[in-house]
Structure formats: C-alpha cells, structure tokens
Amino acid sequence: MQTTTIQAPPRAAPRSAGSAAIVLGVALAGAVLLRQFLLAESWITVLALLACFAVALVAVQKRPLVEDRIVAAFGQCRPLAVGTGVVLALVFPWVLGGDSYAMHLMIIACLYAVLALALNFQLGSANIPNFATGASYGIGAYASALLAIHFGVSFWICLLVAAAVATVFGFLLGLPSMRTRDSYQALVTIAFGIVVHQLLMNLEWTGGANGLVGIPSPTLFGHSFNDPITLWGHSLPGQANFYYVAVALLGLAIVSAQRLHSSRVGLAWNALRDDEIAARACGINVTWFKVKAFAVDAFLAGFAGTVYAFYVSFISPDNFTFLVSVTIMTLVIAGGMDNTLGVIVGAFLLTMLPEKLRAFSDYRILFYGLVVIAFLIIRPRGIFPQRVRNHEH
C-alpha cells in the first residue's frame with residue numbers, strides 16, 4: 001500500500017521577506033519624516049508634517065491589525081531592525097547637510113530621550129511619580145563640570161564618576177521616599193528637586209547663580225570635539241562629535257530598557273505598578289525594587305547631565321529647574337508609558353516642537369500645548385501606548 005505525504009507549502013520565506021520590507025519601510029519613512037521636520041523652515045511645512053503623522057496614528061488606531069503586523073515584523077527581524085537603526089543613526093548627520101541648528105536639536109532631543117527613558121523605569125514600569133529627574137540631571141552635570149574645571153579630569157572618566165554620584169543621590173532620595181506613597185511620594189521628590197536647585201544657586205563652589213564657565217572640550221585619541229569631522233572630502237561641524245556621543249548614550253539607554261523590561265526586575269516593577277500589596281504577598285521586596293528604580297533613573301540622568309555640560313561648556317542652576325522635571329514627565333506620558341519607542345518618539349517630538357513653532361513668537365507655547373492636547377485626544381494612552389507583556393520564551 002502506497003502512502004502519500006502531503007507537505008505544506010513553504011511560507012516562511014515570503015513572510016520573512018515581507019517582514020523585512022515592513023521594517024525597512026517604516027525605518028526609512030521615520031528617518032525621512034524626521035529629516036524634513038528638522039530642516040523645515042516654514043511653520044506651514046511643520047504643521048503639514050505633524051498632520052501627516054497624526055493621520056498615520058489615526059489610521060493605525062482604526063486598524064489594530066496593521067499595528068500588530070508592524071510589531072510582529074520588528075520582532076521577527078530584530079537583527080535587521082537594529083542594524084538599520086544603527087546605520088541610519090550613523091549617516092543621519094550627513095543627510096542633514098551640515099546644518100548646525102538641526103544638529104543641535106538632535107543632540108538635545110537625544111539627551112531628553114535618555115532622561116525620559118530613565119524616568120520611564122519609575123513612572124511607566126513601577127508607577128512611581130518622580131519629579132526629581134531634573135535634579136539628578138543637574139547633579140551629573142555639576143559633578144562632571146567641577147571635576148573637569150578644578151581637577152582636569154577627562155570627560156570619559158567624568159561620565160562614570162558623575163553617573164555614580166547621581167546614583168548615590170538617587171539612593172538617598174529613594175530611601176526616605178519609601179515611607180510615603182502616591183501624592184506624598186511625589187511631594188518628596190519635588191522637595192528634593194527644589195533643595196538641589198537652591199543648593200546649586202547659593203553654594204559658592206558651584207558658582208552660585210552665575211554657574212560654571214569654561215568646561216573644557218572632550219578629546220578622543222587626540223581629536224578635539226571642537227574640531228569638525230572630515231570624511232572623504234566632506235565635513236561635519238564639531239557638534240557632530242557630541243551627536244554621536246548622545247546617540248551612543250541613547251543606544252545604551254534603549255538596551256538597558258529592553259534588558260530590564262525582560263528581566264525579573266522589570267517583572268517586579270510591573271507587579272508593583274499593578275498591585276503593590278499583591279506583589280508584597282508574592283515575596284517581592286517592594287522597598288528594594290523601588291529604590292533600585294530611583295537609582296537607575298539617577299544613573300542615566302547623570303550620564304545625560306555630563307554630556308550636556310561638556311556640550312554647552314557652561315551650566316547654571318537655571319538649566320535644572322523644576323520645570324525640567326515636569327517636561328520630562330510630560331514626554332513619558334505623551335509618548336506612552338512603559339513603551340520604549342513611544343517614550344523616544346514623544347521626547348523627540350516635544351523637544352523639537354517648541355523650536356519649530358518660533359514663527360508664532362509669544363504664542364508658540366500656546367500652540368505647543370494645543371498640539372500636545374490634540375495628540376492626547378487622538379491617542380489618549382500616549383503616541384505609542386503600553387502593550388500587553390508577552391511571557392512566551
């Protein structure tokens with residue numbers, strides 16, 4: 001008796017090719033949209049690009065299967081997605097045509113994206129309100145600036161030392177905060193931020209209200225970050241050096257976010273967010289994991305503060321006010337809590353938007369608020385809201 005074996009048609013390859021096409025298409029479309037937004041000089045062009053972005057969000061919201069397909073494509077082609085992102089980040093300054101203003105916006109956006117990801121560990125993952133991220137940002141900036149100015153310490157050593165100093169202060173803030181919850185915990189972090197700002201304003205060795213001037217430019221293998229980058233006869237302004245450092249720092253923050261989210265630490269933070277009493281009943285050390293969230297937030301904020309201090313070469317207490325912390329929290333909420341991509345997109349959009357609305361002069365903050373409200377109406381849970389955690393391995 002002859003048996004016949006029926007084989008299913010091979011569908012993996014076409015599906016994989018389709019996923020790769022989706023990844024490349026979305027990545028390139030995002031890069032083109034960002035470039036046009038950065039180089040746009042007319043407010044009409046800016047609003048038109050925002051409208052295109054809003055229409056895309058509405059379309060995705062109306063068709064959830066499209067969003068699920070895009071997410072699945074990036075999951076299937078993770079190496080391709082990472083490689084494409086790295087390549088785009090490396091070549092992006094060159095496609096900006098050496099525009100120093102656009103480069104400046106990219107550096108600030110990257111730093112604020114790092115700060116937003118730092119806060120997202122607390123606000124998004126563990127539901128811990130923290131209005132002291134701006135203070136940790138300032139601690140990192142001042143620690144590195146003081147080391148560089150008075151002791152001649154290298155920028156690269158300052159990065160690690162300033163991050164460590166900020167982390168220590170994060171622990172010091174986290175421990176007393178454990179005795180409070182919700183609104184009262186937020187008040188503790190607000191008080192900490194105000195105390196840090198007042199100390200920076202009044203202490204003589206921090207420069208007081210005048211701040212610190214003359215922070216030296218970093219060097220790498222004899223190349224000063226004030227010098228342009230020249231490659232194959234084409235040059236980029238000196239700001240490109242700091243752009244690559246800021247992008248590398250953002251990459252570190254993204255990797256940390258992904259690794260922590262998938263780890264037992266991320267699971268513990270999510271358990272605290274959903275039900276702290278149930279998490280404690282399951283044996284989770286609530287105090288330890290909350291303090292750890294404060295420390296991780298301060299660590300990344302200290303890194304960002306160091307890069308900012310050396311980039312602008314002058315810092316003052318006005319750079320690290322309470323408003324900075326409020327802005328960072330706005331980036332996380334508007335982008336999408338506990339969603340790495342959403343936080344980054346929110347940080348880029350809301351950091352660059354006020355600069356692009358300068359044509360409205362005194363009314364630009366009003367229009368900025370209207371745009372934020374419009375996006376929250378379109379996507380109430382954020383531009384890219386938190387997705388259900390996948391426990392499959």
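Me: Which domains is the protein chain divided into?
Reply: In this predicted model, the protein chain is divided into domain 1, which covers residues 16-95, and domain 2, which covers residues 96-374.

Me: And what distance separates their centres?
Reply: Taken over C-alpha atoms, the centres of domain 1 and domain 2 are separated by 25 Å, and the contact between these domains takes 17 residues from domain 1 and 25 residues from domain 2.

Me: Switching topic, how do α5 and α10 pack?
Reply: Helix α10 spans residues 264-274, and α5 packs with α10 at an angle of about 50 degrees, their axes lying 7 Å apart.

Me: What about the second largest pocket, how much space lies in it?
Reply: The second largest pocket holds about 740 Å³ of space. Its lining is made up of 26 residues, and those nearest the centre of the pocket are Tyr112, Thr327, Thr351, Pro354 and Glu355.

Me: Which elements give two or more residues to that lining?
Reply: They are α5 (100-126), α12 (286-312), α13 (322-335), α14 (340-356) and α15 (364-378), and α13 gives the most, with six residues.

Me: How does the lining split by class?
Reply: The lining of the second largest pocket has 15 nonpolar, seven polar and four charged residues.

Conventions: Residues numbered from 1 in each chain as written. Predicted model: local features only at pLDDT ≥ 70, side-chain atom pairs only at ≥ 80, totals over all residues. Heavy atoms only, no water. 1 Å grid on protein atoms, 1.4 Å probe; cavity = no way out; pocket = protein on both sides within 12 Å on 5 of 7 lines; lining within 4 Å. Points joined across faces, edges and corners; volume = space filled by probe spheres on them. Helix = DSSP H or I, 4+ residues; strand = E, 2+ residues; numbered from the N terminus. Nonpolar A, V, L, I, M, F, W, Y, C, P; charged D, E, K, R; others polar. Axes fitted to C-alpha atoms, helices over the stretch in contact; angles between N-to-C directions. Domains from an automatic or database assignment. Contact = heavy atoms within 4.5 Å.
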